[in-house]
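Here's a quick briefing on the protein chain shown below.

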Amino acid sequence: MLVKGRKVSGRGEAVAANYAFGPLEDDVIIKHRLLTRTTTTRGEPPLKKLQKKFTSLFVELDKNEDNYGDCDKLAKAFLQELSTFEIPLLKSKAVVDANLREKHNFDELREEINRQIVQAQTDIELLKKQLEESKIERRHKEECEAIRKMIATQPPRSETLKIISDLEKEIAALDAENTASSRMLELRKKQFALLLHVVDELQNTIEEEQKSLIEEKEHKHGMEDASGGSEPMHVD
């Protein structure tokens, strides 16, 4: 089946018609050409020509006449046609063998490519892991560098030890002073308590003395009153 197509230009002018075969027709034609060893659709197929040569030879041989010359001529023509028909077959066989070798090579190449793809994926995963490890190692190095810089800004160890020793001495002195102050405070507390006790005793003593004086005065006044009342009265 032929499909007729026509292309039209931008100005609407018609151009020459193009003819093409459909996909199904192409497959049929290619298969027919491979079977009949024809390269074009024109002319008589080689297989048919070979068949005609063989039929002519068979008909000539089937005759009961003295035709050896014709048979020999037809036989040579048949063998020549057979040789001509065999050459494309040998070429086709060579092409098929080459295609098989090419297919085998392609299969090996595909397997090698697949192997390389798998290896590349493995390498990629390994490189990803190494990249993560490198990032962690770099972060650790940066942290160590920051610590090193911070340490570099600090005074030397000897100076630091001297400062610590001075601070310890100062703390010891402050502790001794604090202890002495605590003892002095405790002593002052005891002295103050003793002073309060003495004051309290003095106050009690003074109160008792005052009370004794008052009682003595009262007793004395009582005696004076009693002595005054016992004297005789004088009458004028």
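Helices (H or I, at least four residues) and strands (E, at least two) are DSSP runs, numbered from the N terminus. Val199 sits in helix α4. This is a predicted model, where local features need pLDDT of at least 70, side-chain atom pairs count only at pLDDT 80 or more, and totals for chains, interfaces and linings use all residues. Residues are numbered from 1 along each chain as its sequence is written, and side-chain values use heavy atoms, with hydrogens and water left out.

**Overall build**
- The protein chain has four helices and two strands, and from the N terminus on they run β-β-α-α-α-α.

**Nonpolar patch**
- Phe192, Leu195, Leu196 and Val199 make a nonpolar surface patch, with about 380 Å² of accessible area together.
- Patch members have over 30% relative accessible area and no salt bridge; like charges are joined within 9 Å, and nonpolar side chains (Val, Leu, Ile, Met, Phe, Trp, Tyr) within 5 Å.
- A salt bridge here is a side-chain nitrogen of Lys or Arg within 4 Å of a carboxyl oxygen of Asp or Glu.
- Val199 counts as partly exposed because its relative accessibility is 42%.

**Negative patch**
- Asp200, Glu201, Glu207, Glu208 and Glu209 form a negative surface patch.
- Asp200 lies in helix α4, which covers residues 157–229.
- With 38% relative accessibility, Asp200 is partly exposed.

Terms used:
Accessible areas come from the Shrake-Rupley method with a 1.4 Å probe; for residues, only the protein chains shown count as cover. Lys and Arg count as positive and Asp and Glu as negative; His and the chain ends are not counted. The place of a charge is taken as NZ of Lys, CZ of Arg, CG of Asp or CD of Glu. Buried means under 20% relative accessible area, exposed over 50%, partly exposed in between (1.4 Å probe, protein chains only).
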